[in-house]
Amino acid sequence: MKIGVLALQGDFAEHIAILRSLGVETKEIRTAEQLNEIDGLIIPGGESTTIGKLANDFGLIQPLKDFGKKKPIWGTCAGAILLSKDAHNDQPLLSLMDIHITRNAFGRQVESFEIDLDIPSLKKIDPSNKPYHAIFIRAPLIESVQSDAHPIAKLPDGRIVAAQQRNLLATSFHPELTPDDRFHRYFLSLGQPT
Amino acid sequence: MDKQVATYETKKGLAQMLKGGVIMDVVTPEHARIAEDAGAVAVMALERVPADIRAEGGVARMSDPELILKIMDTVSIPVMAKVRIGHFVEAQILGAIGVDYIDESEVLTPADEEHHINKHEFKVPFVCGCRNLGEALRRIGEGAAMIRTKGEAGTGDVVEAVRHARAVLGEIRRLQNLPEEELMTYAKEIGAPYNLVKETRELGHLPVVNFAAGGIATPADAALMMQLGMDGVFVGSGIFKSGDPAKRGAAIVKAVTHYNDPGILAEVSRNLGEAMVGRQITSIPKEELIANRGW
């Protein structure tokens, strides 16, 4: 299995480092043709307006939409915004997941935070189900999920910070910034036949 | 762990989100809008771009908070602003209005000739300039969560940015070849905290994100800095002192993404109009060089 990481802008190198530590073959993705070589894609953290504009300018929007209808995609932070169908801003989106997003939902950078979350879905990866340490940076919030999209992580106050819809995954936080690789392993499990 | 706000991890983390991107100097909300539309990952809000500060002279200070707030209201991307080296009250003011990053910058007139700001005390993260590894690690030791080369701001001459990038990256390569027992002496020689010297050697790169700045004016300049191994670029006067800022800004953004693809670099470099009028470093008297401010 080969996993691509969209490398238009953002912290794609951090995702690649974790995938490599798990023994996964990786590829930086900058063009539509490169999507043909991979079995799953991660859209990293970064600035969603920049990544969306570059994806649009280099003709990647439709190929990414087509890819997501067949194969797993995981978006972290900016990537989650791109997967959504509405982010209350005039910017290019992939509209692959039936989720609505509020950008910078917690405020500016000084409100960025770290917190431990309870994520039951990760039990499949590690039965101990220890708390998941999540880093939120100018983070978006998943304000609602529709259709067969469902929340998989919430803040203690109940607000949704991760959602899944079939083999599509969106997280408001950044698993690529912590040494805990459970979320990457969870994403890899989406690509396996059940 | 309960919720912890504005930790060092979140400060460093925001810079990681800016990697592979272009941070543009803007002096009006209209500029900020153009920069965001061109694909900037962040804007640096200030009253005068470095080329004008150079030309007009006088004391260069923190910008009017009203201007910075207007720019913050205009764009959805992070907004940075500059304070004078050592001027911790200017930094308190920028902290109070909630900018996303503070640049303790040699482009402004230094307020303290001996001490930089203790950046650990602030919730807002800081970026600082450097010319070599020792200077970078001193700033990180003071709490900087992001580093940039100083280059020579406001010149449109990339030579100093290249010199400083090669200095930092070359020193890291040499550091990796030093035996453990030589690290303390090396730390003493370059005037850097021992623990950060050790950490840099283990990582093979600075412990924080490292951007290029100071003299970048073209897509080729930006791609050059990326190929040298920098994480992203600041463009100061190079965009809004050029003939067609929207087009040049977008071209530099694309060049940073596709820095290793000469075909795309050729495509985006076409028909950009006038570049900023440059000023060769060798024509500037030594005492007017901005990069020598700070230590």
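Q: Which residue of chain B forms a salt bridge with A:Glu14?
A: Let's start at the interface of this predicted model. The rule finds 4 salt bridges across the interface of chain B and chain A. In the one with A:Glu14, the closest N and O atoms are 2.7 Å apart, within the 4 Å cut-off for a salt bridge. The partner is B:Lys19.

Q: How much area do chain B and chain A bury between them?
A: The size of an interface is often given as the accessible area lost when the parts come together. Here, 40 residues of chain B are in contact with 37 residues of chain A. In chain B, B:Met1, B:Met17 and B:Thr257 lose the most area to chain A, together 22% of what that side buries. Of the area buried between the two chains, 57% is on carbon and sulfur atoms, and the total is about 3100 Å².

Q: Which residue of chain B is the bridge partner of A:Phe113?
A: Look for the open sheet of 3 strands, ordered 7(A)-6(A)-1(B) with antiparallel pairing. Its edge strands are strand 7 of chain A and strand 1 of chain B. Strand 6 (residues 113-117) of chain A is joined to strand 1 of chain B by 2 bridges. In strand 1 of chain B, the partner of A:Phe113 is B:Val5.

Definitions and conventions. Residues numbered from 1 in each chain as written. Chains lettered and ligands numbered in written order. Predicted model: local features only at pLDDT ≥ 70, side-chain atom pairs only at ≥ 80, totals over all residues. Heavy atoms only, no water. Pairing = 2+ DSSP bridges. Helix = DSSP H or I, 4+ residues; strand = E, 2+ residues; numbered from the N terminus. Contact = heavy atoms within 4.5 Å. Buried area = accessible area lost by both parts, 1.4 Å probe. Salt bridge = Lys/Arg side-chain N within 4 Å of Asp/Glu carboxyl O.
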